[in-house]
Each structure stands twice: as C-alpha cells, then as structure tokens.
Amino acid sequence: MLGAIISLVFVGASWTLVGVVMGAAPKKKLDPAVVQLTGAVISFSVALMLLLFTNVGVLPFRDLFWCGLAYFSAGAINCIMQILMSNAMQKGPNGIIWAVIQSAMIFPFMLGILFFNVEPRLIRFAGLFSILLSLLLSGVCKQNNFQHGSWKMLTFISFLLTGVTQTLVSLPSYFESSQAVTPVFRTMCLALGVLFMSFGRIVTIRKEISLKANLTSKWLWIFSLSLQFFGLFFAIKLQYPSMDALAKHGAGSLAYPLLVGSCVVGFSLYSIFFLKEKVTPLQWGALVSCLAGIILICL
C-alpha cells in the first residue's frame, strides 16, 4: 500500500504540467482545444497499439462497456473543464484557480466513504480538512492586477466538472470486475473521450482560429508530447494500478486527495517561482496546510 501512495504522489506532481500548459497555451497563440486534440490523438494511438500487443484476457462485454463508458465520459468532461480553466487562467491568479479546481477531490473522497465502506478514520478527515483549509486560505488572499470576478464563474464550473471527472475515473476501481480491465484500455477510452470533445469544439469554432498556425507551431508539439509522455507512462504504470491497489485495501477514497495534494503543491511552487505571482503570508499558510493534509490523509 505504501508503494501505491508514493506512486500517486509522483503522478500528482506530474499533473502540475497540465496547469502549466493550459495557462501558457493561449499566450503562445494556441487554442487549448487544439492542444488537447493533438494530445488525445497521440495518447489514443499509442494505447491502441499497446492494446493490440497486450494480453488483456477474456472479459465480459458488459464489464468492458461500463468501464470504458466511465473513462470515455471522464475524458470528454475533462476536455471541457481544461478549456474553461485555460480561459480562467488568462483572467485571474493561476495558483488560486488551480487550487480551487483541484479541491473537487472531495467528490471521490466522499464517494468512497458514503457508498463503498471506506473507513472514515478521524485522522483522514483531519487531512481532508487541512487540504480544504489550504484552498480556503488561497481563495481569500488579496489579489492585484486581475479582472476581479470575471474568472470566478469559470473556476466554479471547472470545479464541478472536475468533481464529476474524478468520480467517474475512481468508480471502476471499486468493482472487482472492472479492476481486471487493463490500464491501457482505460487510457485509450479516456483519450477517445478527449478526442471526441476537442474535435467537436474545434469544428464549432473553426472560423475563429487558424488551424494551420496552430498545427505548425513548435509549441503545440512541445506541449502535446510533454503532456502525453507523462500522462501515458504514469497512467498505465502508476496511476490506475495504484488506485486499484488502494481500493483493494479499503482505501480507495485516498487516491484523489493524494493526487490533488501533490499537484497543488507543485503548481503553487510553479506560480511562485516561475510566474512570479505575489506571495502573501496566507498563501504560504495554504501551502503548509496542504502539505500537512497530504501527510495526515495517508496515515
């Protein structure tokens, strides 16, 4: 179980790159939907090739269908969320927006406790409270030089969509039949959902963007390949197997708090040292509170 916890911390830290890319893409004159589409094509193609050469065993169609549908839906919803998040990051404080959106981890956390008999230990609730406190502290920090209010609704909608996405990704791990579904198949279905939604988005706004300029930009391929390298490797080798391992030990609800806590810390450091966003004592307190929450929720 310790190995699963450590693996999820590494995966969560790598998620920082998603926030970095979604915040930076518009500044490089790239549409977030195009970044997601190219990434999804890469991810789907690699997963499909791996699936063809992987012994997945014989599983009932029903198990494959429901597990695949959950991941496909999660990918489609996450695509919408990332587009909205990218828009919000052009108008507001990146660090706070990222932290608030990631607080949606309370959805899968409570799912495990309410419906799948995950032990509601007091110290885990203390860890959850500590993480939520860090998000609250981030939210009340005084902000300067931002378009007040214009980013808040986008952030709130992204928060809700993230909660649905994380719940859908967590759900199959609670069922023994779905645990037998290979991580490669899950990754392929997730990528297919992103591909479907991002393609629909591009078709809708095709008159507003220059596909040629986007596709010939070196930044598009730097962003897409970077995201998919970590996304594919960590998802297949670390994330899904670790989520299944925690679920088998009755601790499935810990997966997303671990992932989210790690990526919040990573993105906070990025915002401070690279984006040079002004750091207040409350923000430092938020970072410490988040780190404390990660430790407590793992005990």
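For a chain of 299 residues, a compact globule would have a radius of gyration near 19 Å, and the protein chain agrees with this at 19 Å (taken over C-alpha atoms; the globule rule is 2.2 Å times the number of residues to the power 0.38). The structure is a predicted model, in which local features need pLDDT of at least 70 and side-chain atom pairs count only at pLDDT 80 or more, while totals for chains, interfaces and linings use all residues. Residues are numbered from 1 along each chain as its sequence is written, and side-chain values use heavy atoms, with hydrogens and water left out.

The C-alpha trace spans about 55 × 50 × 25 Å along its principal axes. The protein chain holds 14 helices and zero strands (DSSP runs numbered from the N terminus; helices are H or I of at least four residues, strands E of at least two). Among contacts with a separation of 6 or more, 88% are made by residues 24 or more positions apart (contact means heavy atoms within 4.5 Å). Of the 299 residues, 54% count as buried (under 20% relative accessible area, with exposed over 50% and partly exposed in between; 1.4 Å probe, protein chains only). The accessible surface comes to about 14000 Å², and carbon and sulfur atoms contribute 72% of this area (Shrake-Rupley method with a 1.4 Å probe; for residues, only the protein chains shown count as cover).

In soluble globular proteins, nonpolar side chains tend to be buried together. The largest nonpolar core has 77 residues, of which Leu8, Val35, Met85, Ile97, Trp98, Phe223 and Leu246 touch the most other members (a core is a set of buried Ala, Val, Leu, Ile, Met, Phe, Trp, Tyr and Cys residues joined through side-chain atoms within 4.5 Å). Beyond its neighbours within four places in sequence, Phe223 contacts Val21, Ala24, Ala25, Lys28, Leu30 and Val35. The charged end of Lys28 in turn sits over the ring of Trp219, 4.2 Å from the ring centre (NZ of Lys or CZ of Arg within 6 Å of the centre and within 35 degrees of the ring normal).

Aromatic rings pair if their centres lie within 6.5 Å, with Phe, Tyr and the six-membered ring of Trp considered; planes under 30 degrees apart count as stacked, over 60 as edge-to-face and the rest as tilted. By this rule there are five aromatic pairs. The ring centres of Phe72 and Phe196 are 5.8 Å apart and the planes stand at 50°, so this pair is tilted. The pair links distant parts of the chain, since Phe72 lies in helix 4 (residues 61–89) and Phe196 in helix 10 (residues 183–204), 124 residues apart. Phe72 is partly exposed at 23% relative accessible area, whereas Phe196 is exposed at 53%.

A stacked pair is formed by Phe156 and Phe159, at 6.1 Å centre to centre and 25° between the planes. These two residues are three apart in helix 8 (residues 152–170), and therefore separated by about one helical turn. Phe156 is partly exposed at 45% relative accessibility, while Phe159 is buried at 14%. Ring pairs join Phe107, Phe156 and Phe159 into a cluster.

Helix 10 also contains Val194, which is buried with a relative accessible area of 13%. The C-alpha atoms of Val194 and Ile77 are separated by 7.8 Å, although the residues are 117 apart along the chain.
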